[in-house]
Amino acid sequence: MPGPRPGPSIEVLFNSIEFILFLVVVFAATWMLARLRLAQVIFLLAASYFFYANWNPYYLVLIWVISTVDFVAGGAIARASDPRARKRWLAFSVAVDLGMLGVFKYFNFFATQAAASCTAMGFPADPVLLGVALPVGISFFTFQSMSYTIDIYRRELEPTPSYLRYLLFVAFFPQLVAGPIVRAATFLPQLASPRSLDSRQGGLGLFLIMSGLVKKVCIADYLAVNLVDRVFERPDWFTSAEVLTAIYAYAFQIYCDFSGYSDVAIGAALILGFQLPDNFNSPYVAVNLRDFWRRWHISLSTWLRDYLYIPLGGSKKGPGRTYFALAMTMLLGGLWHGPAWTFVVWGALHGAALAATRFVQRLRPARNASPAWWTKALCALATFHFVCFAWVFFRSASFGHAERVLAQLLSGTGGVANIGVTLALALCAAVLMHLFPQGWLRRVQELFSRLPAPVQGAAMAGVGALVYSVAQSKTLPFIYFQF
């Protein structure tokens, strides 16, 4: 049997002192090399590999192999004039990428399921398992690299002539282990052109880093340790009201955890001179599931749309094909999150709901007038509660576990003795932070970026003191590191 998966080393965690020191050193060295663009690329590549090697240096070979195969395949696709040769190179690239992902992430899962099926049919069998740890971020950097060859095959992208730049594109440390999933067309041109850092860009980056750490440490971790983990571990110890509150808390925990990571990643890239795409846009105000997936984990949802949903038929081949494509895309999107049937069910729920949403939208004639505010509010509440229901399966370790949570939720018991004032305030802060209008937030960011450096430094010191005072005794990894 494989041993337990080791947690990410402290250097891989954005919410650690070691990472902050690492980022300061990389920031200083990067801009010292600003006029030596090749040296800067080499340094950032070495820093990114060092960052990942602190978790497991052996898996650097995995990143290098995927990067090298796709770089070579991308060039070969662009040079080939024979359509069959282009298809063969694309198939080779995709097979290597998905093969690596399948072996490291799904081999044990399917081996276990196969052995269980054989046993159920009267042929007892022990599964043959790989005793290897799941590489941190493999789903992210695999999808990122694979999109490069697909875009070249579609003639939407020209291959980069620089091997080193491509290696850095795949391994760039801010988004390496949990996204956003960056497209080559977005990142590679930034490496090919001179970059500079002005006070506005630096201020915006620092603001994002601070807000991300507050989301992660002060809200997500606090909700996890003081409510969510306890309720999902032993739901029968809590009342229905407390279980419902914990489900709400998990919805905001995973949002603050993942959007907090994205904020730090985007902010860290920004102070190094790179623009990464936004990954969240107030997803819990979505008025339907289609709107939700335009706001939640945007880089993944657009990846699934462009490379799975559209090739499966999308909305161009009739309603039936559209419903099938939606269901299959979300089913595979659920499996992308991990080798567990609970993730598959989570994806299936979203796929069915998306198909139902599209069906209703086709029946209802388009209206020029905007719906009343209360209609939007009711739709947003209904969407939010469906998402929370699906989160129960996403968070639970098994169907039995999810059943226990839902059974206790429906037991009808009242009382919230286990929810103190501080916990309630943390949950309210999460809701308010999520509902804060994006336009207002951008104005606050711009205002911070225009403040004098001493004032910015004082604000950062204050946020650092807050994060330190609220931080749990044990540094908690980001939720999406497991994917």
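I take helices (H or I, at least four residues) as DSSP runs, numbered from the N terminus. Axes are lines fitted to C-alpha atoms, for helices over the stretch in contact, and angles run from 0 to 180 degrees between N-to-C directions.

I am working on a predicted model, where local features need pLDDT of at least 70, side-chain atom pairs count only at pLDDT 80 or more, and totals for chains, interfaces and linings use all residues. Residues are numbered from 1 along each chain as its sequence is written, and side-chain values use heavy atoms, with hydrogens and water left out.

**Entry 1: H8 and H18**

I began with helix H8 (residues 199-233) and helix H18 (residues 453-470). Their axes lie 10 Å apart, and the packing angle is about 15°. That makes H8 roughly parallel to H18; angles under 35 degrees count as roughly parallel, over 145 as roughly antiparallel, 65 to 115 as roughly perpendicular and the rest as oblique. I noted a left-handed crossing for H8 and H18; the near helix is then turned anticlockwise from the far one by less than a right angle, while clockwise would be right-handed.

Which residues of H8 and H18 make the contact? From H8 I listed Gly203, Leu206, Met210, Leu213, Val214, Val217 and Cys218. From H18 I listed Gln456, Ala459, Met460, Val463, Leu466, Val467 and Val470. Contact means heavy atoms within 4.5 Å.

**Entry 2: H11 and H12**

Next I looked up H11 and H12. Their packing angle is about 125°, and their axes are 10 Å apart. H11 and H12 are therefore oblique to each other. Their crossing is right-handed. On the H11 side I found Leu300, Leu304, Leu308 and Tyr309. They meet Thr322, Ala325, Leu326, Thr329, Leu332, Gly333 and Trp336 of H12. The contact of H11 with H12 holds eight nonpolar, three polar and no charged residues.

**Entry 3: H13**

I checked the length of helix H13 (residues 341-363). Its 23 residues should span 33 Å at 1.5 Å a residue, and the end C-alpha atoms are 33 Å apart, which agrees. The expected span is 1.5 Å times one less than the number of residues. Buried residues of H13 include Phe343, Trp346, His350, Leu354 and Arg358. Buried means under 20% relative accessible area, exposed over 50%, partly exposed in between (1.4 Å probe, protein chains only). What do the buried residues of H13 pack against? I found helix H10 (289-292), helix H11 (298-309), helix H12 (319-336), helix H14 (373-395) and helix H15 (399-409).

**Entry 4: H9 and what follows**

Helix H9 (residues 240-271) passed the length check as well. Its 32 residues should span 46 Å, and its end C-alpha atoms are 46 Å apart, which agrees. I counted 29 of the 32 residues of H9 as buried, so H9 is largely enclosed by the rest of the structure. Gly273 follows H9, with a positive phi near 100°.

Most residues other than glycine have a negative phi. Ser282 sits in the loop between H9 and H10. Is Ser282 buried or exposed? Ser282 counts as buried, at 6% relative accessibility.

**Entry 5: around H5**

Thr149 lies in helix H5 (residues 138-153). At 0% relative accessibility, Thr149 counts as buried. Beyond its neighbours within four places in sequence, Thr149 is in contact with Asp70, Ala73, Gly74, Ile77, Leu90 and Ser93. I also looked at Val72, 77 residues away along the chain: its C-alpha atom is 9.3 Å from that of Thr149.

H5 packs with helix H6 (residues 163-171) at about 140°, with axes 9 Å apart. That makes H5 oblique to H6. Phe141, Gln144, Ser145 and Tyr148 of H5 meet Tyr166, Phe169 and Val170 of H6. I have five nonpolar, two polar and no charged residues there.

Arg155 is in the loop between H5 and H6. Its phi is positive, near 60°, in a residue other than glycine. Arg155 is exposed, with a relative accessible area of 64%.

Last, I looked up Gly122, in the loop between helix H4 (83-120) and H5. Gly122 is exposed, at 52% relative accessible area.

Methods. Helices (H or I, at least four residues) and strands (E, at least two) are DSSP runs, numbered from the N terminus. Ala, Val, Leu, Ile, Met, Phe, Trp, Tyr, Cys and Pro count as nonpolar, Asp, Glu, Lys and Arg as charged, and the others, Gly among them, as polar.
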